[in-house]
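Please read these notes with the structure open beside you.

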Amino acid sequence: MLASTILLDTSKLNPRKGRCSSLDEETVDLLLSVSPRSLKIDKIYSEVHEAKKALGSLTCEELLRKDYKQYEARQVPYGISSVGIPLNDLVARAGSVPELQTKLCQFRTQRRLEVYIVMFAFRGDVHFERQLLVLGEDSAVYGPLARYLQSETELALEGFSLFPGVFTAQVGNISASRKVVQPLVQRFLDKVTG
């Protein structure tokens with residue numbers, strides 16, 4: 001089970017995706033060396049990848065919790081959820097744009113987050129796509145953070161607004177996973193809150 005998480009997070013230890021470290025490779029090798037011989041990387045990855053895509057019965061709240069990680073920058077808590085559907089589909093699961101905004105704010109408040117980010121990664125009509133959503137309690141923090149992320153050429157964000165007080169964007173760089181976005185957020189918050 002531990003190896004499956006690493007395999008999924010690193011696209012099956014694919015160095016071209018820019019999400020795999022030597023520690024990831026060493027850890028998977030170690031875990032597989034103490035696992036039953038029948039376990040193979042391709043089999044583990046394909047089973048977990050298919051299970052990750054099976055999101056049909058999950059509610060909005062369950063999707064936000066499913067792949068959520070929390071961080072802290074100079075005592076400023078922030079969190080990032082990764083969701084495998086487009087933002088419009090999450091709106092549909094919530095019931096409406098205002099209901100989604102309420103659910104996002106509740107999620108942020110329950111975890112006492114200063115900033116909450118939702119990353120959307122999904123297969124679009126033609127190709128793989130990513131979207132990003134940023135909201136927070138203090139517009140003096142999340143507003144500048146959203147502008148900072150928009151200025152980062154590594155992300156190639158194209159901003160659009162779904163509802164007031166929330167920054168949403170199409171991510172032009174489809175390789176920009178949480179492993180790319182989180183260090184940028186950390187660096188910004190360390191600087192601003194320091």
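The numbered points below describe a predicted model.

1. Overall make-up. The chain contains eight helices and six strands. Their order along the sequence is α-α-α-α-β-β-α-α-β-β-α-β-β-α.

2. Burial and surface. The chain has 194 residues, and 43% of them count as buried.

3. Contacts along the sequence. Take the contacts between residues at least 6 apart in sequence: 60% of these join residues at least 24 apart.

4. Cysteines. The number of disulfides in the structure is zero. Cysteine 60 has a relative accessibility of 1%. Buried means under 20%, so cysteine 60 counts as buried. Cysteine 105, at 28% relative accessibility, counts as partly exposed, because that class lies between the under 20% of buried and the over 50% of exposed.

5. Helix α2, length. This helix covers residues 22-33, which makes twelve residues. From its first C-alpha to its last, α2 reaches 16 Å, close to the 16 Å expected at 1.5 Å a residue.

6. Which residues of α2 are buried? They are Asp24, Val28 and Leu32. These residues cover an arc of only 60° around the axis, so they lie on the same side of α2. The face turned away from that buried side carries Leu23, Asp29, Leu30 and Ser33, which are exposed.

Key:
Residues numbered from 1 in each chain as written. Predicted model: local features only at pLDDT ≥ 70, side-chain atom pairs only at ≥ 80, totals over all residues. Heavy atoms only, no water. Helix = DSSP H or I, 4+ residues; strand = E, 2+ residues; numbered from the N terminus. Buried < 20%, exposed > 50% of the residue type's maximum accessible area, 1.4 Å probe, protein only. Contact = heavy atoms within 4.5 Å. Disulfide = S-S within 2.5 Å. Expected span 1.5 Å × (residues − 1). Arc of directions from axis to C-beta.
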